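Colleague: I am new to this structure and would like to learn how to read it feature by feature. Could you show it to me and then take me through it, with the general idea ahead of each case?

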Amino acid sequence: MKEKVLKKREGFEGQQLIVVPKKISADFLTKDPITRQLYITDIGYYPRARYHYIKRAVGAGQHIIIYCIEGRGWIEIDKKRIDVLPSQLIIIPSGTPHKYMSEENDPWTIYWIHFKGDISAFIVELILQRAKNYKLHLTYNETRIRLFEEICLNLQKGYSGDNLRYVNMIFNHFLSSLLYEEKFNHAGHEEANDVIAHTITMMQERLAQVLTLQELSSYAGLSVSHFSAVFREKTGYSPIEYFNHLKIQKACQYLMFSNATVKEVANRLGVEDQYYFSRMFSKLMGMSPSEYRNRNKAVDQ
């Protein structure tokens with residue numbers, strides 16, 4: 001006789017499980033201008049979750065994230081069985097039939113979140129575009145785990161409006177760590193071999209100068225065509241466009257925090273033609289330098 005496999009939804013030693021009451025969702029989360037965009041309904045942490053098993057024949061009413069940090073398991077979705085290993089994340093859109101289970105001999109440890117909101121489907125679609133078979137590979141990052149723990153810690157403090165907004169704003173940051181993992185992992189840590197990041201730093205240091213595309217590509221050690229293509233892929237802009245954006249960003253600071261004339265601001269940024277500078281500023285900011293200064297002074301008063 002075949003031995004029956006044990007299965008259970010929860011009840012694992014050391015687990016965390018928080019379910020936001022439906023009344024809180026109905027009375028606040030779905031109505032508040034901030035939280036209704038994206039909010040958590042359930043969240044949990046299951047360590048070494050042996051026999052963990054879930055089957056939802058018609059899917060869940062929320063989107064689901066399952067992040068495995070050790071052990072292994074599997075998920076069945078779209079009639080495909082997908083193995084889940086450490087440092088892998090599964091995203092399950094709402095209403096999608098699925099089932100999943102932890103491996104008996106090497107049970108997974110998972111962080112999981114159920115969420116909804118006006119922009120939740122759009123966020124899920126962005127994640128799916130980066131995923132393969134509903135699965136993302138994530139480098140372990142302690143900061144990401146701390147974000148999760150901060151959410152749990154504060155949800156345990158109650159359901160005041162401020163607390164719910166704070167928690168779900170953290171959740172936005174958590175999701176950004178999935179969508180833009182490279183930026184998240186390297187925040188504040190510029191890679192030694194990232195020539196584009198180094199070139200942008202050089203641009204910031206030389207805002208008072210005129211730099212040509214040839215000078216920028218030479219600094220990066222790349223051909224003009226290759227440098228331009230790589231720069232646009234990484235930033236969304238051509239190198240000269242990006243350099244001009246940095247100049248205008250600095251110009252805004254001069255206009256707000258100094259008494260320099262528009263011509264003096266232009267000269268400080270290596271632009272001799274004041275009118276060319278004004279046109280460049282207006283194109284990006286939607287108003288002239290003088291209008292920008294006057295508007296911000298009016299706000300301060």
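Colleague: Where does arginine 48 lie?

Modeller: Helices (H or I, at least four residues) and strands (E, at least two) are DSSP runs, numbered from the N terminus, and arginine 48 lies in the loop between β2 and β3. Arginine 48 is not a glycine, although its phi is positive, about 45 degrees. Before we go further, this is a predicted model, in which local features need pLDDT of at least 70 and side-chain atom pairs count only at pLDDT 80 or more, while totals for chains, interfaces and linings use all residues. Residues are numbered from 1 along each chain as its sequence is written, and side-chain values use heavy atoms, with hydrogens and water left out.

Colleague: How do I read the pairing of strands, and which strands are joined to β7?

Modeller: Strands of a sheet pair through backbone hydrogen bonds, either parallel or antiparallel. Here two strands are taken to pair if DSSP finds at least two bridges between them. Strand β4 (residues 63-70) is joined to β7 by 5 bridges and runs antiparallel to it, with cysteine 68 opposite glutamine 88. Strand β10 (residues 135-137) is joined to β7 by 3 bridges, again antiparallel, and there leucine 89 stands opposite leucine 136.

Colleague: In what order do the strands of the open sheet come?

Modeller: The open sheet has 4 strands in the order β3-β8-β5-β6, with antiparallel pairing. Its edge strands, each of which pairs on one side only, are β3 (53-56) and β6 (80-84). Within this sheet, 5 bridges join β5 (residues 73-77) to β6, and isoleucine 75 has isoleucine 82 as its bridge partner.

Colleague: What is a nonpolar core, and which residues touch the most other members of the largest one?

Modeller: A nonpolar core is a set of buried Ala, Val, Leu, Ile, Met, Phe, Trp, Tyr and Cys residues joined through side-chain atoms within 4.5 Å. The largest one has 38 residues, of which Ile43 and Phe171 touch the most other members. Among the elements that give two or more residues to this core are β2 (39-46), β4, β7 and α4 (161-179), and α4 gives the most, with 8 residues. If contact is taken as heavy atoms within 4.5 Å, and residues up to four places away in sequence are not counted, phenylalanine 171 touches Leu38, Ile40, Ile113, Phe115 and Ile151. A second, separate core of 27 residues includes Ile200, Leu211, Phe277 and Met280.

Colleague: How do I read the faces of a helix, and which residues of α8 are buried?

Modeller: An α-helix has 3.6 residues a turn, so residues three or four places apart point the same way. In α8, the residues Phe227, Phe231 and Thr235 are buried. Seen down the axis of α8, its buried residues fall within an arc of 35 degrees, so they line one face of the helix; the arc is that of the directions from the helix axis to the C-beta atoms. The face turned away from the buried side of α8 carries the exposed residues Ser225 and Glu233, while the cover over its buried residues includes α6 (195-205), α7 (213-220) and α9. After α8 comes glycine 236, whose phi is positive, near 90 degrees.

Colleague: Is lysine 247 buried or exposed, and which residues is it in contact with?

Modeller: Lysine 247 lies in helix α9 (residues 239-257) and counts as buried because its relative accessibility is 5%. Leaving aside neighbours within four places in sequence, lysine 247 is in contact with Leu207, Gln209, Leu269 and Gly270.

Conventions
Buried means under 20% relative accessible area, exposed over 50%, partly exposed in between (1.4 Å probe, protein chains only).
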